[in-house]
Amino acid sequence: MFFSKRFQKLKEIKHCFFSRNGGHSKGVYKSLNCGIGSKDDKKKIFKNLSYVADKMSVKINNLVLMNQTHSKKVLEIKKNNINKRINSDAIITKDKGIALGVLTADCVPILIFNKTNKIIGCIHAGWKGAFSGIIKNTVVKIKRPNSKNKIYASIGPCIGKNNYEVDLDFFKKFVKKSKKNKIYFSEKNKQKKLFNLRKFVANQLAELKVNVDHVNHDTFKEKNNFFSFRRSTIYKHKDYGRCISVIRLN
């Protein structure tokens, strides 16, 4: 389990960036696979999620996950929609007793808290979602209009810049949107670039006046701590597990 030093000082919230350890799954899913969309044994996934819910001091039915599709859609969770299928890449809530979870395996998990009006959220920020506006959409949703907002975000474990290899078409897509995006890339060779997803996400938050800190771990590199889609692809595994990051109001 990994924690934001800043978030730990905020008494209004409880949070955790869970590692892949401490669960019940076997094989490529060993051990705390929380990916409900994976091909893992559903009973073991439920046991893993029950462990997470217990650690977050909520009922299993109050641990809310998303069906993540790399969109820019943000949904607010309330008591009356808590058990519905959530198709989005960010969720927010004002309600206590609800834990919001985001599943990742290289993408960026972002936990966010507006201290001014006591709203929490979590964001699934892969490159597609971050590129299309999921971060801005979430911050806009949790802001109180016409007032000073104290918003904190913690960026969790994700694929590191030295391991995120992309092709030139990917690079051109970003530069076409803004020439400033060149700063997120470094050259690996004539055909490949390396992309700094963490920095791309962090700068978006900073531009929105969000106070950012990092739980800086590389999911691709640290195979004993994290699942990685890219690593699993390289090893030609049949599937991959997902780590979970969770936040709730106290």
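This is a predicted model: local features need pLDDT of at least 70, side-chain atom pairs count only at pLDDT 80 or more; totals for chains, interfaces and linings use all residues.
A polar contact is taken here as a pair of N or O atoms within 3.5 Å.

Helix 5 spans residues 168–177, and Asp-167 caps its N-terminal end. The cap is made by a side-chain oxygen of Asp-167, which lies 3.2 Å from the backbone nitrogen of Asp-169. Within the helix, Phe-170, Phe-171, Phe-174 and Val-175 are buried. These residues lie on the same side of helix 5 because they cover an arc of only 130° around the axis. An α-helix has 3.6 residues a turn, so residues three or four places apart point the same way. The other side of helix 5 carries Asp-169, Lys-172 and Lys-176, which are exposed. The cover over the buried residues includes helix 3 (127–132) and helix 6 (197–207), together with strand 9 (165–167), strand 10 (185–187) and strand 11 (192–195).

Helix 2 can be read in the same manner. Its 14 residues, 42–55, reach 20 Å from the first C-alpha to the last, close to the 20 Å expected at 1.5 Å a residue. The buried residues of helix 2 are Ile-45, Asn-48, Leu-49, Val-52 and Ala-53. They cover an arc of only 140° around the axis and are therefore on the same side of helix 2. That buried set packs against strand 2 (63–64) and strand 13 (243–249), whereas the face turned away from it bears the exposed residues Lys-43 and Asp-54. At the N-terminal end, Asp-41 caps helix 2 through a side-chain oxygen 2.8 Å from the backbone nitrogen of Lys-43. Ser-57, which follows helix 2, has a positive phi, near 60°.

Technical notes:
Residues are numbered from 1 along each chain as its sequence is written. Side-chain values use heavy atoms; hydrogens and water are left out. Helices (H or I, at least four residues) and strands (E, at least two) are DSSP runs, numbered from the N terminus. The expected span of a helix is 1.5 Å times one less than its number of residues. Buried means under 20% relative accessible area, exposed over 50%, partly exposed in between (1.4 Å probe, protein chains only). The arc is that of the directions from the helix axis to the C-beta atoms. Contact means heavy atoms within 4.5 Å. A polar contact is a pair of N or O atoms within 3.5 Å; within protein, one must be able to donate a hydrogen and the other to accept it, and residues adjacent in sequence count only if both atoms are side-chain atoms.
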